[in-house]
Amino acid sequence: MSLRPSPFSVRGYPHAPARPKSDAAVGSLSAPGSSPAVRVFCIGRNYAGHARELANPPPRSPVVFIKPASALLAAGEPIPFPRHGRELHHEAELVVRIGRAGRVHGPDQAAAFIDAFTLGLDLTLRDVQQRLKQQGLPWELAKAFDASAPVGAFTDWDASLDLQNIEFQCRVNGELRQSGNTADMLFPVARLLVELSRVWTLQPGDLLYTGTPAGVGPLRVGDSIELASAATGRFDWKVAA
Ligand code: ZN
């Protein structure tokens with residue numbers, strides 16, 4: 001486990017790695033020693049089972065959206081139930097942290113950009129999202145609100161661990177709700193980083209939520225949520241009023 005110290009934090013979330021993986025690859029956007037802003041890239045419909053359960057066809061290319069850094073919430077912090085919707089859904093996901101700046105031009109280059117990984121929740125107000133989808137509007141109100149991205153403590157990654165063979169579970173009040181394996185992703189992490197790199201120059205500290213397997217469902221005030229994997233350990237949150 002690595003929790004790197006940083007002068008900045010959002011609700012207990014330790015921000016970007018203070019020291020990028022390769023100094024030579026870093027752009028000039030951040031002053032030496034400062035912590036770059038964190039972007040939270042998210043992928044929708046990256047598991048066929050989840051696309052099906054929401055009656056969406058499997059996408060031909062990754063569905064991308066972004067949450068702000070204010071969405072991050074460290075393990076153990078209470079999840080405030082948002083006031084602008086009623087149906088708060090858990091989406092358990094593998095989260096990958098970027099360790100260097102630049103663009104990933106091919107899947108074989110992706111490993112050099114991956115610094116660490118963990119599990120996280122892409123919390124979604126499903127009722128708000130349904131309304132926005134029907135109106136053809138962007139999803140931010142449903143997915144980018146404060147504390148909508150609970151994230152576990154990071155584990156350093158190296159190529160000896162296959163990111164496409166990680167089993168993980170989500171339990172609510174002890175009941176198994178989601179059980180997935182990253183082998184079932186429609187677009188693996190390396191491909192996702194290539195796709196993101198067509199649009200954005202990756203920065204150290206950027207996070208990627210890689211999509212959720214089937215089994216998403218509602219959370220209520222007082223619920224305890226646990227994410228667990230042999231590769232990352234266990235993380236807990238509780239939904240507060
Ligand atoms: Zn998601």
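Which residues does tyrosine 209 touch, not counting residues up to four places away in sequence? Tyrosine 209 touches Val40, Cys42, Ile43, Glu93, Val95, Gly120, Asp122 and Ala149, where contact requires C-beta atoms, placed from the backbone, within 7 Å.

This is a predicted model, in which local features need pLDDT of at least 70 and side-chain atom pairs count only at pLDDT 80 or more, while totals for chains, interfaces and linings use all residues. Residues are numbered from 1 along each chain as its sequence is written.

Tyr209, together with Val40 and Val95, has the most contacts inside the largest nonpolar core, which has 49 residues; such a core is a set of buried Ala, Val, Leu, Ile, Met, Phe, Trp, Tyr and Cys residues joined through C-beta atoms within 7 Å. Alanine 101, in the loop between strand E8 (92-98) and strand E9 (114-121), is buried, with 24 other C-beta atoms within 10 Å, the cut-off for buried being 20 or more.

Strands are DSSP runs of E with at least two residues, numbered from the N terminus, and two strands pair if DSSP finds at least two bridges between them. An open sheet of 5 strands runs E6-E18-E17-E13-E14 with mixed pairing; strands E6 (79-80) and E14 (175-181) each have a single partner strand, so one side of each is left without a neighbour in the sheet. Another open sheet, of 3 strands with antiparallel pairing, has the order E10-E7-E16.

| Antiparallel pair | Bridges |
|---|---|
| E17 (residues 224-229) and E18 (residues 233-240) | 6 bridges |
| E7 (residues 88-90) and E16 | 3 bridges |

Leucine 227 has phenylalanine 235 in E18 as its bridge partner, and histidine 89 has proline 218 in E16.

How values were computed:
A residue is buried if 20 or more other C-beta atoms lie within 10 Å of its own, exposed if 12 or fewer, and partly exposed in between; C-beta atoms are placed from the backbone. Two residues are in contact if their C-beta atoms, placed from the backbone, lie within 7 Å. Helices (H or I, at least four residues) and strands (E, at least two) are DSSP runs, numbered from the N terminus.
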